[in-house]
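Visitor: I would like to learn how to read the features of a structure. Could you walk me through one?
Guide: Gladly; let us look together.

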Amino acid sequence: MKVGNPAPKVGDIIRDNDDMDIGVVLATHIEKHTNRLFVRVHWNEAGRCTDPWPLPDNDGELFTIMSSA
């Protein structure tokens, strides 16, 4: 997992590195009991989803910020 992956902001455009889907960040929040950042994204293919950030996969970070708001 890469170190220093920046936290996304509302309006950022991100890419899912697994299937190359592109999405816009709709909201972010810290989950209280885990103190972990979650992002709500409207994906082009997958629709609206909420996932932890950063979310690792086998090759590194699953999501990449493509353009900052």
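Visitor: Which pattern does the chain follow, read along the sequence?
Guide: Read that way, the chain follows the pattern β-β-β-β-β-β-β. It has seven strands and zero helices; helices (H or I, at least four residues) and strands (E, at least two) are DSSP runs, numbered from the N terminus. Please keep in mind that this is a predicted model, where local features need pLDDT of at least 70 and side-chain atom pairs count only at pLDDT 80 or more, while totals for chains, interfaces and linings use all residues. Residues are numbered from 1 along each chain as its sequence is written, and side-chain values use heavy atoms, with hydrogens and water left out.

Visitor: How is a pair of aromatic rings described?
Guide: By the distance of the centres and the angle of the planes. Rings of Phe, Tyr and Trp (its six-membered ring) pair if their centres lie within 6.5 Å; planes under 30 degrees apart count as stacked, over 60 as edge-to-face and the rest as tilted.

Visitor: How many aromatic pairs come out by this rule?
Guide: The count is two. In one, the rings of Trp43 and Phe63 have centres 5.5 Å apart and planes at 35°, so this pair is tilted. It links distant parts of the chain, with Trp43 in strand 3 (residues 36-43) and Phe63 in strand 7 (residues 63-67), 20 residues apart.

Visitor: Are Trp43 and Phe63 buried or exposed?
Guide: Both Trp43 and Phe63 are buried; that means under 20% relative accessible area, with exposed over 50% and partly exposed in between (1.4 Å probe, protein chains only). Trp53 and Phe63 also form a pair, stacked at 5.8 Å centre to centre with 15° between the planes. Here Trp53 lies in strand 4 (residues 47-53), ten residues from Phe63 in strand 7.

Visitor: Which residues make up the largest nonpolar core?
Guide: A nonpolar core is a set of buried Ala, Val, Leu, Ile, Met, Phe, Trp, Tyr and Cys residues joined through side-chain atoms within 4.5 Å. The largest one here has ten residues: Ile14, Val25, Leu37, Val39, Val41, Trp43, Trp53, Leu62, Phe63 and Ile65. Strand 3 and strand 7 are the elements that give two or more residues to this core, and strand 3 gives the most, with four.

Visitor: And what share of the chain's residues is buried?
Guide: Of the 69 residues of the chain, 29% count as buried.
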